[in-house]
Amino acid sequence: EISVFEKTYGKSLEKWVKSETSFNFKKCLVSLLQANRSMNTVPNPSMCQNDAQILYKAGEGRLGTDEETFIRSFTQRSAAEMEMICKCYQQLRGKSLHHAIDKEFSGDIQKLLHTILDGLLDPSGYFAKRIREAVQGIGTNDSKLVRVIVSRCEVDMPNIKMAYRQLYGRDIVADIRSDTSGDYKKILTYLLTRVYL
C-alpha cells in the first residue's frame, strides 16, 4: 500500500519510482501506481474489439510504436476486458498480443507488459512460474520465493499449487522442501500447507 511506503520511508512511492526509472518503463509503472484500472467483470464486446484494433494500429499496423496506447490499455482495462481484448486481437491478426509485445518492445518495458498481461489473464499460472524459477537449477532465489509465498499464501495458494502441478507435473510443496532446509523450510511448508478460513 502506498501510504505504508510513505510512512516507512518518508517519501512518495510515485516520486521515488519516477526518480529511479525512465521513459516508457517509468510511464507504465506510474500509471499502475495511480490505480485507474477498471473493475468491470462483464466486458463490452464492441469496446474490446475496438481496443484490439487500436492496439494493432498502435503497434504492428504502423511504422514505429505508439507506446502510450499500449500502456493505457494494459494499466486501465480490467482482467476480464483484457482477456476479451486478447481474444479479439488473436481473431483480428491471427497472432497473440504477447507476440505484438515481443515485436514492438524490448528491455524492461517488454518484461513489464508481459508481466501485466500474464498476471491479469492467469494469476495462478504466473505465480506458479515465479516459484518454479525460484527453485529451479542450482541454488534458490530466496527473495523471489519468500515474496511470492508470503504475498499469496492467504489469497490463492491452492490455485497456484494446482497450476504448478498442471504446468510442471510436480508437487510445489515437495519441490520447495527439497530446495530449502531448517526453520526456513518449516516456515515455507507451513505457509504452503496451512488452510486459511
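Two residues are in contact when they have heavy atoms within 4.5 Å of each other. By that criterion, among contacts in the chain between residues at least 6 apart in sequence, 62% join residues at least 24 apart. The model is a predicted one.

## Overall build

The chain has 13 helices and zero strands. Read from the N terminus, the elements run α-α-α-α-α-α-α-α-α-α-α-α-α. The C-alpha trace spans about 55 × 45 × 35 Å along its principal axes.

Of the 197 residues in the chain, 37% are buried. The chain carries 29 positive and 24 negative charges.

## The largest pocket

Rolling a probe the size of a water molecule over the atoms shows where empty space is left. The largest pocket has a volume of about 310 Å³. Two elements give two or more residues to its lining: helix 3 (23-33) and helix 8 (107-121). Helix 3 gives the most, with four residues.

The lining residues include Phe 25, Leu 29, Leu 32 and Leu 33. Leu 112, Thr 115 and Ile 116 are also among them. Val 17, Ala 35, Asn 36, Arg 37 and Thr 75 line the pocket as well.

Most residues other than glycine have a negative phi. Phe 23 has a positive phi of about 55°, although it is not a glycine. Phe 23 is placed in helix 3. Ala 35 is not a glycine either, and has a positive phi of about 50°. Ala 35 sits in the loop between helix 3 and helix 4 (45-58). Ala 35 also belongs to the lining of the largest pocket.

Ala 35 counts as exposed because its relative accessibility is 61%. The cut-off for exposed is over 50%.

Helix 9 covers residues 123-135, and Tyr 126 lies in it. Arg 132 lies in helix 9 too. The cut-off for buried is under 20% relative accessible area. Tyr 126 counts as buried because its relative accessibility is 16%. Arg 132 has a relative accessible area of 15%, so it is buried.

What does Tyr 126 touch, not counting residues up to four places away in sequence? Its partners are Thr 115, Asp 118 and Gly 119. Thr 115 is also one of the residues that line the largest pocket. With the same exclusion of residues up to four places away, Arg 132 touches Tyr 164, Tyr 168, Arg 170 and Asp 175.

Tyr 126 and Asp 51 are 75 residues apart in sequence. From C-alpha to C-alpha, they are 24 Å apart in space.

| Residue | Relative accessibility | Class |
|---|---|---|
| Ala 35 | 61% | exposed |
| Tyr 126 | 16% | buried |
| Arg 132 | 15% | buried |

Notes. Residues are numbered from 1 along each chain as its sequence is written. This is a predicted model: local features need pLDDT of at least 70, side-chain atom pairs count only at pLDDT 80 or more; totals for chains, interfaces and linings use all residues. Side-chain values use heavy atoms; hydrogens and water are left out. Buried means under 20% relative accessible area, exposed over 50%, partly exposed in between (1.4 Å probe, protein chains only). Lys and Arg count as positive and Asp and Glu as negative; His and the chain ends are not counted. The place of a charge is taken as NZ of Lys, CZ of Arg, CG of Asp or CD of Glu. On a 1 Å grid over the protein atoms alone, a cavity is a set of points where a 1.4 Å probe fits but cannot get out, and a pocket is an open set with protein on both sides within 12 Å along at least five of seven lines; lining residues have an atom within 4 Å of a point. Grid points are joined across faces, edges and corners, and a volume is the space filled by probe spheres set on the points.
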